[in-house]
Amino acid sequence: MKKMWWWALAGALVMLAALVVEGPNPRRSLSTLRRLDDYPLYTMRYFGNYNFSAYLEKGEPAFQKAQAGAGGEYACTCFAALGDPGGRLVGRNFDWYDHPMMLLFTDPPDGYASAAMVDLSYVGFKRGEEPAEEQLEALLRAAPYLSFDGMNEHGLAVGMMAVPHAEAQLETGFVTLDSLAVIRLVLDRARTVEEALSLMGQYNVDFGGGPPIHYLIADAGGHSVVVEYLNNEMVALRNEGSWQVATNFLLEPVAPAARRENCPRYRAADEVLQAAGGALTTDEAMRLLERVSGDGTLWSVVYDMSRGAVYLSVGRNYERVYRFAME
């Protein structure tokens, strides 16, 4: 099976090398595609330009509109642990269908380098099947636009979580971005939370290709924010202490003192972070993600914004945590 996989990849490389593709370097990018385990978890380094600047000029239909319907009960958890200036972290559980996944490294000529997690089902990958040529082509076209969480070279990290509803701003004359492309916007163009908010405020957002979501964004300077869209406006809820938590309910309508009652995962994470003064080690952050994980947890990731490192566990296998360094 492994030999067949490499023959298929070699054939795809030959075919893609002959394509006239503006921007990406298909051969070089696919040569870095690695399957780390049989879950499967892949990694890839994307070389070349994925033309995000052109996308920002006009917006386009969402890549994610090709996905299957929404899943059952959402159970994502995201938190910022900002109490240790030398080890500020974002932890995040992504709960969804049982899909292949990839940690994607990008370094575009017109943006910042970043590492981001991608659900590979959006480009046709399936568990138990090796990717065919058409999946590899789709991977090169769409993967940078399908980031579900990530961190850039300046230590800015972002994650998204589904919520019951969102009413996106629809300003006349604003370009409309796909809800996942907003994450790419933040990773490629923002160094701080304030820069991220400024950028997001310049675009409309389309939630039509998937569930409505809200975002948690944090930076290495100790700032974080949860961004929600209500009543056709962007709402920014900044951290009031040295940590912040978001799960699958809208924070804005709920008084801070009552938020723990809305979700047991929120309560558990908030209690741990409060007791620690917002300061966790990467091991403690991963243990907290394990505590609030569930049957649908696809990956758990800790972004060390201070040190530029990524810690990743897949399929709730917390005995095996991969570590990656941002270059």
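In this predicted model, strand 3 and strand 4 (residues 89–95) pair in the antiparallel sense, and five bridges hold the pairing together. Strand 3 is also joined to strand 14 (residues 243–246), again in the antiparallel sense, over four bridges. Elsewhere, nine strands form an open sheet of mixed pairing, and the largest nonpolar core has 113 residues.

- Strand 3 covers residues 77–81 and is mostly covered, since five of its five residues are buried.
- The burial involves both faces of strand 3, with Thr77, Phe79 and Ala81 on one side and Cys78 and Ala80 on the other.
- Ala80 stands opposite Val90 in strand 4, and Ala80 also stands opposite Gln244 in strand 14.

- The strands of the open sheet follow the order 1-2-5-6-7-8-11-12-13, and their pairing is mixed.
- Its edges are strand 1 (34–37) and strand 13 (233–238), each of which pairs on one side only, and the twist from one strand to the next averages 20°.
- Within the sheet, strand 11 (residues 213–218) and strand 12 (residues 224–230) run antiparallel and are joined by four bridges, with Leu216 standing opposite Val226 in strand 12.
- Helix 5 packs on the sheet, where it touches strand 5 (101–106), strand 6 (114–119), strand 7 (147–152), strand 8 (157–162) and strand 11, and the direction of helix 5 makes about 5° with that of strand 7.
- Helix 6 (residues 193–200) likewise packs on the sheet, touching strand 11, strand 12 and strand 13, and the direction of helix 6 makes about 15° with that of strand 12.

**The largest nonpolar core**
- Among the 113 residues of this core, those with the most contacts inside it are Leu139, Tyr215, Ile217 and Trp299.
- Helix 5 (residues 181–189) supplies the largest share of the core, which amounts to six residues.

**Arg265, a buried arginine**
- Arg265 is found in helix 7 (residues 264–275), and Arg265 counts as buried because its relative accessible area is 16%, against a cut-off of under 20%.
- A polar atom of the Arg265 side chain lies 2.6 Å from the backbone oxygen of Cys76, while a polar contact of 3.0 Å joins the side chains of Arg265 and Asn248.
- Leaving aside residues up to four places away in sequence, Arg265 touches Tyr74, Ala75, Cys76, Thr77, Thr247, Asn248 and Val292; one of these, Thr77, is a buried residue of strand 3.

**Backbone features in loops**
- The peptide bond from Tyr39 to Pro40 is cis, with omega near 5°, and Pro40 lies in the loop between strand 1 and strand 2 (41–46).
- Asn51, in the loop between strand 2 and helix 3 (52–58), has a positive phi, near 60°, although the residue is not glycine.
- Asn51 counts as partly exposed because its relative accessibility is 26%, a value between the cut-offs of 20% and 50%.
- Arg316, in the loop between strand 16 (309–314) and strand 17 (322–325), is another residue other than glycine with a positive phi, near 60°.
- Arg316 has a relative accessibility of 36% and therefore counts as partly exposed.

Conventions
Residues are numbered from 1 along each chain as its sequence is written. This is a predicted model: local features need pLDDT of at least 70, side-chain atom pairs count only at pLDDT 80 or more; totals for chains, interfaces and linings use all residues. Side-chain values use heavy atoms; hydrogens and water are left out. A nonpolar core is a set of buried Ala, Val, Leu, Ile, Met, Phe, Trp, Tyr and Cys residues joined through side-chain atoms within 4.5 Å. Buried means under 20% relative accessible area, exposed over 50%, partly exposed in between (1.4 Å probe, protein chains only). Helices (H or I, at least four residues) and strands (E, at least two) are DSSP runs, numbered from the N terminus. Two strands pair if DSSP finds at least two bridges between them. Axes are lines fitted to C-alpha atoms, for helices over the stretch in contact, and angles run from 0 to 180 degrees between N-to-C directions. Contact means heavy atoms within 4.5 Å. A polar contact is a pair of N or O atoms within 3.5 Å; within protein, one must be able to donate a hydrogen and the other to accept it, and residues adjacent in sequence count only if both atoms are side-chain atoms.
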